[in-house]
Amino acid sequence: MKWLELLLVAGVTLVSAVTVVVLYSLGVRLTAIAGDVQQKSPVLFKSLAYVCFGICGLAVLFGIYLIVPYFGK
């Protein structure tokens, strides 16, 4: 068995999962900051939150593309 390839897949999976979680958490935090009454420019933070959610969604869709064999044909 090729252990190096197994470790590579495990490492990439771990980094990808952490990246998706951090992007989603950052999006939630930016949404909360945008909802603050004392914030001067909530539109900027809300748009950054939507960008984080969009990148997170694209990462999930790419993962589904890699997993489902129908899309790889």
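Numbering starts from 1 along each chain as its sequence is written. In this predicted model, local features need pLDDT of at least 70, side-chain atom pairs need pLDDT 80 or more, and totals for chains, interfaces and linings use all residues.

**Exercise 1.** State how many helices and strands the protein has, and compare its radius of gyration with that of a compact globule.

*Solution.* Start with DSSP runs (helices: H or I, at least four residues; strands: E, at least two). The protein has 2 helices and 0 strands. Next, take the radius of gyration over C-alpha atoms; the globule rule is 2.2 Å times the number of residues to the power 0.38. For 73 residues a compact globule would come near 11 Å, but the protein has 17 Å. Finally, along the principal axes, the C-alpha atoms fill a box of roughly 60 × 25 × 10 Å.

**Exercise 2.** Find what share of the residues is buried.

*Solution.* Apply the cut-off: buried means under 20% relative accessible area, with a 1.4 Å probe and protein chains only. Of the 73 residues, 10% qualify.

**Exercise 3.** Identify which helix gives the most to the lining of the largest pocket, and sort the lining by residue class.

*Solution.* A pocket is an open set of points on a 1 Å grid where a 1.4 Å probe fits, with protein on both sides within 12 Å along at least five of seven lines; lining residues have an atom within 4 Å of a point. The lining includes Ser-16, Val-20, Phe-62 and Ile-67. Helices H1 (3-34) and H2 (42-67) each give two or more residues. H2 gives the most, with 6. By class, 6 lining residues are nonpolar, 3 polar and none charged, with Gly counted as polar.

Definitions and conventions:
Side-chain values use heavy atoms; hydrogens and water are left out. Buried means under 20% relative accessible area, exposed over 50%, partly exposed in between (1.4 Å probe, protein chains only).
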